[in-house]
Amino acid sequence: MGINISRQTDLAGNVYLQKFVGRTHIHHDDSEFWRALLNYNINIPETSQDQLNLDSRLESLCQSFISNNLKTGNFGSLIVVFLEKVAELLSLSDQESNLHIWQTFNALFIIRTVIKYIIETGSEFQLLQHFEAIPNEELLKAEEANLTAVTAENVVIGTEANGNDEAAAAINTAVMVDGSKFETFIDAIVNLIVVIPVKEFTYHLHLESVNCLITLLSVHLFTQQTAEKLIIFRTIYKCQHANVLMSALLHFVARLVEVPPTMFGNSSTGSFVFGIAESLLSIFSFRKQQDILKISGATGVELSLQFRQHFPLANQSLLLILILTNHCTSKGNAYRASLFGCADSKESPKEGSNTFQIDFSAVYETLCRVVTIDQATLLLYLLLHRNERFYKFVMTQPDLEKLVTPILQTLYNAPDSTSHHIYMSLIVLLILSEDDGFNKNVHNIILKNVTWYTERTISEISLGGLLILVVIRTIQYNMLKMRDKYLHTNCLAALANMSGQFRNLHPYVAQRLISLFETLARKHTRLDAQLKEPVNSAVFVNVSTTPEDMMQDLTVLEEVLRMVLEILNSCLSNQLVYCPNLVYTLLYKRSVFEGFRSHHAFQDIIQNIDMVVGFFSSRLQRVQEQRGELGVNEVFEVISKGASQWSSDRLRKFADLKFKYVEEDAPEEFFIPYVWTLVCKYGCVHFSSESIKGVTAEISC
């Protein structure tokens, strides 16, 4: 503290902090004290362990603060000092403001630390009491004379103070909560975020402002009350700043500004008018530039870590967007409406038709880079599902592989991801597949040497073919491991939407489509046998599986098999001439349909497949009788000629396969715990998991 280097081990004995949390009131006009307190540097906690270490060092100071602040009002004085510095910053030039940036950051860091401690150990009402507390002269004199033993805890829970009723009444009067100072504080935080431009020496002030809002909103984690009933949420969701705040946060994400190598600039540019010695500048080094890794090429956990370390403002802003848009959805959430109504800045604005404008290209490029991160996938889902302008923009992009391929990579590495992330990745694909243009374009985009797909070396494949392969693999993984009906329904729905546009399928893709049916058919046969002879069946394996469970599994299997057949039929009905490899595979694997021709659930649609197989089989047989044994190239020649003469009119007509994603009722039951899990797992602010309660009790920090 002061102008000296501060270490966490020194905190408990620091004279300025001791005075701040002590029994003496410090007026907000005591410039000498506040200058001494706020001219400090401390390493910002970046990990859970860092936060735990800091919390343990501050424990005694925070306890003293809780005991004394309702009488001294020192927290209120600090808030006033912070508000004054914010007002000054908004009127100062860059060169003049560097010292103010530093001191404002330090004040806000202390404020956030106090807020976090009270939220985790106390209540929302207690926090607001400390915000609004003003010094009580009579009580301070009584404290000095040791005439009362009133504690802050007595005040919060409303118990009667010991030995001095008048003093207790004085305390209760002193800490009446009207919320005015808290509202002014929120306005100041928003102004820091939206008004001050992001530059090297302001970066950490913006980051701290975003972190402070996240910390305030984390009150939801530590209470069983709904967000709509919490004063903090009601204050933040008054929404007079919804558009400008959401715009600023999304810009922070889109710009993807890397954390600067120093926290507040360097002396060579005149950053510190305060005049700190050159040798002390190293204190402010946040990270050496040469040690920063680029995020290109990283995926999954590795990318999440790099994103948080090297782009913390983008990471935290993304998380704050998710918090703001997923809470309080039933009563007109203006943040949600703002995100869903934003438009591309390259378009001409239409009066009243959009909330704010942003460069969609920048948003798209950033999402392409980080879409394998859980929280980025969720933001992409929100934009595609709810923002029609952004959805149409994405559909026009010529480089869709930049967005789709990383999503497929996430699905391919499903065991490394959470079930929620897999769900959202699949739903994104389903939403994309609702567009016929997308379904057509993905087969025109050719990928070379997809190294992460290791099941088979494929030198060249269309994006559409790769999508089919990965989704089929996800279905098989789900059927064998997860047995989640909802998941495979989304997989099949995406394939079904695409099936009418399947073109130029790679031979391996065609094989995997038929193999999917073959694998599921074998499982169906085994289950059917177990149900008919559950005791004597040699294939009966799991003695704990009841006949009811097996019947349920059989029903699900039949639904999946039916969908696979419908997908094959849709392709043959619409694109047979463009899918010779699929026809070839059907001819080669015709026997896999043998046991289902008479099954009531499949016979109608298998008739179409049989008609196609029969048509090409007869042509092959005639040619073979003329030429003898045919090679692969000759077989494809026959298929190609036959396809040109084939008419799909001879097939039985089925309804077009069109599935549309519809969000389930009460989506907040899924999204709110999910969002806070992401905040705790991937955020820069680390919360005490031991105190978490309510609907988010399963969250692990």
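Which helices do the buried residues of helix 27 pack against? They pack against helix 25 (507-532), helix 26 (547-575), helix 28 and helix 29 (632-645). Helices here are DSSP runs of H or I with at least four residues, strands are E runs of at least two, and both are numbered from the N terminus. Buried means under 20% relative accessible area, exposed means over 50%, and partly exposed lies in between, with a 1.4 Å probe and protein chains only.

This is a predicted model, in which local features need pLDDT of at least 70 and side-chain atom pairs count only at pLDDT 80 or more, while totals for chains, interfaces and linings use all residues. Residues are numbered from 1 along each chain as its sequence is written, and side-chain values use heavy atoms, with hydrogens and water left out.

Start with the whole protein. Its secondary structure comes to 30 helices and four strands. Of its 701 residues, 56% are buried. The protein exposes about 30200 Å², and carbon and sulfur atoms supply 50% of that area. Accessible areas come from the Shrake-Rupley method with a 1.4 Å probe; for residues, only the protein chains shown count as cover. Contact means heavy atoms within 4.5 Å. Among contacts between residues at least 6 apart in sequence, 75% join residues at least 24 apart.

Next, the core. A nonpolar core is a set of buried Ala, Val, Leu, Ile, Met, Phe, Trp, Tyr and Cys residues joined through side-chain atoms within 4.5 Å. The largest one has 233 residues, and Phe-82 and Phe-185 have the most contacts inside it. Helix 5 (residues 94-121) supplies the largest share of this core, 14 residues. Leaving aside neighbours within four places in sequence, Phe-82 touches Thr-104, Ala-107, Leu-108 and Ile-111, as well as Phe-185, Ala-188, Ile-189 and Leu-192.

Phe-185 leads on to a helix pair. In helix 10, Phe-185 is one of the residues that meet helix 11; Ile-189 and Leu-192 are also among them. On the helix 11 side, the partners include Leu-205, His-206 and Val-210. The axes of helix 10 (residues 180-194) and helix 11 (residues 203-217) come within 9 Å and cross at roughly 140°. Axes are lines fitted to C-alpha atoms, for helices over the stretch in contact, and angles run from 0 to 180 degrees between N-to-C directions. Helix 10 is therefore oblique to helix 11. Angles under 35 degrees count as roughly parallel, over 145 as roughly antiparallel, 65 to 115 as roughly perpendicular, and the rest as oblique.

Helix 11 also packs with helix 15, at an angle of about 30° and with the axes 10 Å apart. That makes helix 11 roughly parallel to helix 15.

Now the loops. Cys-328 lies between helix 15 (312-326) and helix 16 (334-341). Cys-328 has a positive phi of about 50° although it is not a glycine. Its relative accessible area is 11%, so Cys-328 is buried. Leu-256 sits in the loop between helix 13 (242-255) and helix 14 (300-310). Leu-256 also has a positive phi of about 50° and is not a glycine. At 9% relative accessibility, Leu-256 counts as buried.

Finally, return to helix 27 (residues 580-588). Its buried residues include Asn-581, Val-583 and Leu-587. Leaving aside neighbours within four places in sequence, Ser-617 is in contact with Leu-587 and Arg-590. Ser-617 belongs to helix 28 (residues 603-627). Ser-617 counts as buried because its relative accessibility is 16%.
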